[in-house]
Amino acid sequence: MTSVTDDLPLAADFPKATLEDWRKLVDGVLKGAPFEKLVGKTYDGLKIEPLYSRAKGVAPVAGRPAAAPWQIMQRIDHPDAVAANAQALQDLENGATGLALVFAGGNGSHGFGLEPTADAVAKALKDIHLDAGIGIELQVGPQSRMAAIHVAEYVKSNGIDPSACDIRFGLDPLGACAVWGHSPYSWEEIAPAVTGAIKGLAALGFKGPFAASDGRVIHDAGGSEVQELAFVLACGVAYLRAIEGAGIPLEQAQGMVYARLAADADQFLTMAKFRALRLLWARIETACGLAPKPLFIAADTAWRMLTQRDPYVNMLRATMATFAAGLAGANAITVLPHTLALGLPDPFARRVARNTQAVLLEESNLAKVSDPAAGAGGIETLTAQLCDAAWALFQESETAGGAFAALQQGLFQSKVAATRRARDANIAKRREVLTGASEFPNLNERETAVLMATPIALAAYGEPKYKFDALPPIRLAQPFEALRDKSDAALKARGARPKVFLANLGTPADFTARATFAKSLFETGGIQAVDGEGFVDPAKLAAAFKASGAEFACLCSSDTVYTEHAEAAAKALQTAGARHIYLAGRPGEAEAALRAAGVTGFVFAGVDALATLQDAYRRMEQP
């Protein structure tokens, strides 16, 4: 392959473009509006410029070995251990190179998971050759922590050399404390228990890593990239200190901790986040007097981005997330099946999750290039910004006394809550789009198949002696899905969904754009939009409304047509029995006159769609 230089022969006959030339063109399009309109911001307040020049003097971030593929992990979370084993064997026969054994009570279990008993472990691992290069990752919580010991015992009892196994044991009590919001033990009590387990596993010959610093805790709760990175650093350092405090040299402890990050559909932020973590961890290793070694980073596609409605879109989200994490050097990736938010995934959903990775590795060859983002101005800038901001927050947690103390003081929780509020507001206003849920809904989608299984019931784990704010996992689409559930209930009870009549005025050229907008907005809440022809005659409009069977109406047209016909149309609809009349568009100076004519609400780009829809249901419930 030939190298690309700054002087391209194809462009030799054209004058060299400059940033100033580009700015002049942009200013012409903006027509006096500030350039800042084109500058985006992350939830951490980091700026994203519309154009970046090439970053010079940078080197690739060390991650996976050159041209090495990441491990294709597959979730094993069926509560029936025999069924779980059958799934695992099928996955390994069809492209998976690793298994994520999810036990009940683990942070990533999402209501399911294996029973954490020796019998269940033996059944789930039957006929799986653990010394054949298969990656195994355990996802456990305090109630299922003994599963790690049971796996170790299974390996020994079957005559398998522990040093030949690639097992990440996933011990993460800090993550569990954060999710639960309480702990029966102090960190001074927790640390010796964790290090005791680690020393025991290491003494048996297992290579580890053993402790997981899990950023999914923050991501699943609605937090930001900076907060996720800082939490991973805080927990990782806490585990390192505990391991060293137990008498294990730092050089050995260095390989006993690994990280998990969530990968979502925001490609560039995901790539920058994974790259930033490697740089940040290398900084910690250097501060400890260690020679930096690439941190093992496991990735899960994000739980919070999954939707129950139009779940097939989740396949596309997972593809983008996997693409980003893979290019950014993740060592192992677990794709959450697209139906996981609905229940236990069936064989089809599991196959799609597995093959998403297989296509990206085997057909797209993503692993053939190491850190392809190196030198890309935008991603390099984002990476550096994330490093600076995450390091500052990590230092705050250190000043607070470490990860456990920071949780007790609400340091992480308060920042996550603020980000969650901002994110929720953007989702409610549909500035942050969830395709199929908050935008482009499908009211006629078919029921999606999932497996029937009874989750494992676990006993309570100790008294909540140490209490603080919890960080439970959420899904961003839940508020809109709750409205769709109400619509489904109405359909089941009455044979029809709630309806809104689109009162189109004028010609299709006048009303199509706003009618399309209004239809999407109302149907995201399960309110079926009844479309019709364009009207000018108020009497014919009123008759069409009555025939539609709708309770509400929404005027749709251009501002020019509204000036001539909106007031008369609203009065006719009100007389015809419309309980609530919306107008698609901003009211402007005509608001008072429109309200006097009967318009009671306005819908437009940027309106709080969620609040509008919730209000519509409240009105429907009124006698």
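Predicted model: local features only at pLDDT ≥ 70, side-chain atom pairs only at ≥ 80, totals over all residues.
Residues are numbered from 1 along each chain as its sequence is written, and side-chain values use heavy atoms, with hydrogens and water left out.

**Nonpolar cores**

- Leu130 is also one of the residues that touch the most other members of the largest nonpolar core, along with Leu101, Leu138, Trp187, Phe274 and Leu277; this core has 117 residues.
- Helix 8 (residues 225–245) gives this core its largest share, 14 residues.
- Apart from it lies another core of 58 residues, including Phe480, Val530, Leu541 and Ala550.
- A nonpolar core here is a set of buried Ala, Val, Leu, Ile, Met, Phe, Trp, Tyr and Cys residues joined through side-chain atoms within 4.5 Å.
- Buried means under 20% relative accessible area, exposed over 50%, and partly exposed in between (1.4 Å probe, protein chains only).
- In soluble globular proteins, nonpolar side chains tend to be buried together.

**The annotated domain**

- The UniProt record (an unreviewed entry) puts "domain: Methylmalonyl-CoA mutase alpha/beta chain catalytic" at residues 67–451.
- UniProt positions follow the numbering used here, feature names are shortened, and annotations may be inferred rather than shown by experiment.
- That span, residues 67–451, is 49% helix and 10% strand, and its end C-alpha atoms lie 37 Å apart.
- Helices (H or I, at least four residues) and strands (E, at least two) are DSSP runs, numbered from the N terminus.

**Helices that pack together**

- Helix 10 (residues 267–287) and helix 13 (residues 377–400) have axes that come within 8 Å and cross at roughly 50°.
- Axes are lines fitted to C-alpha atoms, for helices over the stretch in contact, and angles run from 0 to 180 degrees between N-to-C directions.
- Helix 10 and helix 13 are therefore oblique to each other; angles under 35 degrees count as roughly parallel, over 145 as roughly antiparallel, 65 to 115 as roughly perpendicular and the rest as oblique.
- On the helix 10 side, the residues making the contact include Phe268, Met271, Arg275 and Leu279, and on the helix 13 side they include Ile379, Thr383, Leu386 and Trp391.
- Helix 5 (residues 173–180) packs against helix 8 at about 135°, their axes 10 Å apart, and that makes helix 5 oblique to helix 8.
- In this second pair, Pro173, Leu174, Gly175 and Ala178 of helix 5 meet Phe231, Cys235, Ala238 and Tyr239 of helix 8.

- Arginine 275 sits in helix 10 and is buried, with a relative accessible area of 1%.
- Not counting residues up to four places away in sequence, arginine 275 touches Val61, Ala328, Asp371, Ala373, Ala374, Ile379, Glu380 and Thr383.
- Aspartate 346 is in the loop between strand 11 (332–334) and helix 12 (347–363), and at 15% relative accessibility aspartate 346 counts as buried.
- Leaving aside neighbours within four places in sequence, aspartate 346 is in contact with Ala449 and Leu451.
- Phenylalanine 511 belongs to helix 17 (residues 508–524) and counts as buried at 8% relative accessibility.
- The C-alpha atoms of phenylalanine 511 and leucine 261, 250 residues apart along the chain, are separated by 46 Å.

Technical notes. Contact = heavy atoms within 4.5 Å.
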